[in-house]
Amino acid sequence: MNRFSVQIHGWLLVLPAAVLLAAFTHYPAVATLLHSFYSTPKANRPAVWVGLENYRAMTQDPVFWQVLGNNLWFALGTIPASIALAMLMATWVNGKLHGRAFLRLAYFTPTILPMIAVANIWLFFYTPTYGLLEQITVDLLGLPSHNWLGTPSTVLACLIVVTVWKEAGFFMIFYLAALQAIPPALAEAAAIEGASRWTYFRRVVFPLLMPTTLFVLVNAVINSFRLVDHIIVMTRGGPDNASSLLLYYIYDVAFKFWDSSYASALTIVLLAILASAAIMQFAFLEKRTHYQ
Amino acid sequence: MSTRRNPMEPQGLGHALETLGAWVLALLWILPLAYAFWTAFHPPEFATRFDPLAPLSLQNFVNAWNAAPFASYFVNTIILVTMILAAQLVLCTLAAYAFARYAFFGRDVLFMLVLVQLMIMPDVLIVENYRTMAALDLTDTITAIGLPYMASAFGIFLMRQTFKTVPKELDEAARVEGASALQVLLKVYVPLARPVYVAFGLVSVSYHWNNFLWPLIVTNSVGSRPLTVGLQVFSSTDQGIDWSIITAATLMTSAPLLIAFLLFQRQFVQSFMRAGIR
Amino acid sequence: MLNRTVRKVAVLAAAMLFAGGAPAQGVEISFYYPVAVGGPITKIVDGLAADFEKDNPGVKVKPIYSGTYQESVVKALTAHKAGEPPVISVLLSTDMYTLIDEGAIIDWSSVAKSAADKAWMKSFYPAFMENSETGGKVWGIPFQRSTIVLYWNKEAFKDAGIDPNQPPENWKELVDYAQKLTKRDASGNVSQWGLQVPSSGFPYWLFQAFTTQNNVVLMNKDGTKTSFDDPKVIEALQFWVDLSRKYKVMPPGIIEWGTTPKDFFERKIAMMWTTTGNLTNVRKNAKFDFGVAMLSSGKRRGTPTGGGNFYLFNKSTPQQQAAALKFVQWVTSPERAAQWGIQTGYVATRPDAWNTPEMKKYAAEFPPAAVARDQLQYAVAELSTHDNQRITKVLNDGLQAALTGAKTPEQAMKEAQREAERLLRSYQRR
């Protein structure tokens, strides 16, 4: 092939995907930024340039700050827990425990079930007095009854539990794949050195899992800003916005309040958060390409 | 996998404790599904009570099936996931091939731009993408649900990594025999990347089978709604929650994925491992 | 361009041809319907559409089931913005101002001009028309309407030594009964609560019952002003908060709307407030004798109305509008309204529907069905203002803050009022 046809072929092959990506990822990201500088058009009032007005309104919007804070707590609650659990699950499933096949199935099922459906089931678990949780804590253990989803201090934690439950099994698969790629010779060598199981994990396995951990970490970060299905079913952001997350608030503002400009400004904040996560991702990709 | 004993496996008491821990966690993890089975197969009085003598019943499934047009929702979801997967496989294969083997101008910048989508997923661009769909007159169509996802950065990235591991000699040998670029792609690269395709396909299907927010926004009729949205429309009633019907509907809607996973779980995990997604 | 002009002329000509006459052959009325109720409502609506088509050949009614009210208004407005709105839609009566502000609907009075049409628009209960009219025009035709009523477990009343046929008349009795009905075990855990008023999702609606009973209204007629910080509003909220904090007869925290009927069936609560639309559901699932009553009175009796109206969308053709008018008149006729009320549990929206033989028979067999009707004389319009979704969210947030103890009722309502005033400023200038 001559150099010219390489150019043509290369571009032709990439073109269909590139067009779609541009239309539904790059264009909307840029358009969001533009629209965030305009007012929301109404029946008799077309959109006008308002500069930073939407952003000014945002800094004065207590709900925005609360939702942002909630989202950071949500990220902090879901990310380390789901990664640690995923690693633990993978270690167990990879080992020689009894009923490995069942364990793997049990850990993985949440991934397959639609969040929208299981959220309704979790709603039952958290229901006061006769919900499953209360049947255990109150009826069996004699602890005082508690309205889990109806109290601002516990509602976010409840949603974090649901999220960790949902995503840990998915991350487990990645760790499982990574664990199985570790040569058994390493374990034997460690045994000869007299290392304990924990030391072996900490000194040998954990560092080897690092690329996977980074990959999973990035996914967990994205998920913590992307998953709102359970909020729609379980709390609708309540009580008093205690369980509302950024994307849910954007949905509210855009599709209930019909304030698309303000929603655009909020989306820009979300994109900025994700972009900073992206920088992390690129740094990590860099490493992987060298590695190969 | 090696059949030799791994000396770092837990022994004795440690083994027992870890087995116990693993089982407790597994039981906790499967609890929602177990509850769904319990409630779906028993009369509504037993939805919140666990009595081993409770009579079995299939009535909840009948009620759920009759309460909403699940048949249409099933068809829509199947069309949706098939359409997305087919488009993803074609588009991502072509693009990944170019990124892996063609040194065209602007390749690296373009690849970076592709990777942007790994972070900024269509899921968060609902406001603008809705505007676009309205402008294209595509709202309330299955196409509109699928379109933003058809060019998958994850797919392109994954396949590019795989294609890069294919020895150049194989490529050149095929070309010497007179194969065109597309023939080389189909005869040499695609077969070697089979496990990656399987793994990617499974992730894609389970993701889009369960996706909710975007379909909720962009569809409004039975003709285009997927199962998840249908399920939500049907479970959020003015009159309160009926867990018996909801769990029956949940099992019905996730049955295809659950059964597929039960049957193929070994292959599933192995594809992931061979795909080198780690 | 020329093409478009030609088409416009053609449409106009067609409109003139058919104006006043029978709807044209092949008119289709698309019809968004919020299936927000359990049971086989979709089949009932399909049946109505089919019956109408049989009586009116040439008109096709196409119901589109659009989910909850919340989702339906989203769908209708997005479709409007995309240029393809439905011809008619059943949406919350409170969405009226929003729909007007978006230019999405036209008033029924502009198509219903004959004397008979005018009489028809006057045939509904005045309480339902309160938030169907503004500026002297009728924008909504009441259809799927409800109020809040009290359901009580007669067995629980008997156990607590209360006359099972005497629901609480006033706030004092309400608290009294609820205290007797609240059962605690030795360690202080409650096995049965006296009363439950749900507070998730749309607490403002239930709150309006308290405020109305405390003889205060939350907004002005134009939907441009709210009075959340009125001392009587704060007092009403204090009473709601006290039910769980002071009297300890209601579970603390936010109470889920969706699980409330189930709580009732499970005998975890002895009395509940919920919509009349739940009547059929409760009748089917309560395994004990229950009663339905008007809400207890404070300074007066009171409940907000709720539920949906028919709206006529802009951008429909004159033939479609004529056909839509015909359909809505048909479906709200006394016989149909009665049939609808019997099948769903919603309140038949006009007095003469209650005089039809079927309705008389039904009310005699099942007296609770008439409770909602009898309560209508005390009913007020549901909270509805310009920028309605935002205003109700502000109020909802304030209510939830007070109910969870994050703010005092006074603080919560003052802040909500301040925010509402800010949001409504631009509408007051007009």
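Chain A and chain B meet through 84 residues of chain A and 79 residues of chain B. Two residues count as in contact if their C-beta atoms, placed from the backbone, lie within 7 Å. On the side of chain A that touches chain B, the largest share comes from helix α1 (residues 3-35) of chain A, with 19 residues. Helices (H or I, at least four residues) and strands (E, at least two) are DSSP runs, numbered from the N terminus. That side of chain A divides into 60 nonpolar, 18 polar and 6 charged residues. Here Ala, Val, Leu, Ile, Met, Phe, Trp, Tyr, Cys and Pro count as nonpolar, Asp, Glu, Lys and Arg as charged, and the others, Gly among them, as polar.

This is a predicted model, in which local features need pLDDT of at least 70 and side-chain atom pairs count only at pLDDT 80 or more, while totals for chains, interfaces and linings use all residues. Residues are numbered from 1 along each chain as its sequence is written, and chains are lettered from A and ligands numbered from 1 in the order in which they are written.

Chain A also meets chain C. This contact takes 26 residues from chain C and 24 residues from chain A. The largest share, 5 residues, comes from α17(C). The side of chain C divides into 9 nonpolar, 10 polar and 7 charged residues.

Now go to chain B. Helix α9 (residues 181-192) of chain B has 12 residues. From first C-alpha to last it reaches 16 Å, close to the 16 Å expected at 1.5 Å a residue; the expected span is 1.5 Å times one less than the number of residues. Which residues of α9(B) are buried? They are A181(B), V184(B), L185(B) and Y189(B). A residue is buried if 20 or more other C-beta atoms lie within 10 Å of its own, exposed if 12 or fewer, and partly exposed in between. Seen down the axis of α9(B), the buried residues fall within an arc of 95 degrees, so they line one face of the helix. The arc is that of the directions from the helix axis to the C-beta atoms. What covers these residues includes α1 of chain A, together with α3 (70-101), α7 (153-164) and α8 (168-176) of chain B.

Stay in chain B for one serine. S244(B) sits in helix α13 (residues 243-275) of chain B. S244(B) is buried, with 24 other C-beta atoms within 10 Å. Leaving aside neighbours within four places in sequence, S244(B) is in contact with T39(B), A40(B), P44(B), A47(B) and N60(B). S244(B) and N63(B) are 181 residues apart in sequence, yet 9.4 Å apart in space, C-alpha to C-alpha.

Chain C holds 18 helices and 13 strands. Of its 430 residues, 56% count as buried. Strand β1 (residues 27-33) of chain C is mostly covered, with 6 of its 7 residues buried. β1(C) pairs in the parallel sense with strand β2 (residues 59-65) of chain C over 7 bridges. Two strands pair if DSSP finds at least two bridges between them. In β2(C), K62(C) is the bridge partner of S30(C). β1(C) also pairs in the parallel sense with strand β3 (residues 88-92) of chain C, over 2 bridges. There, F31(C) stands opposite I88(C).
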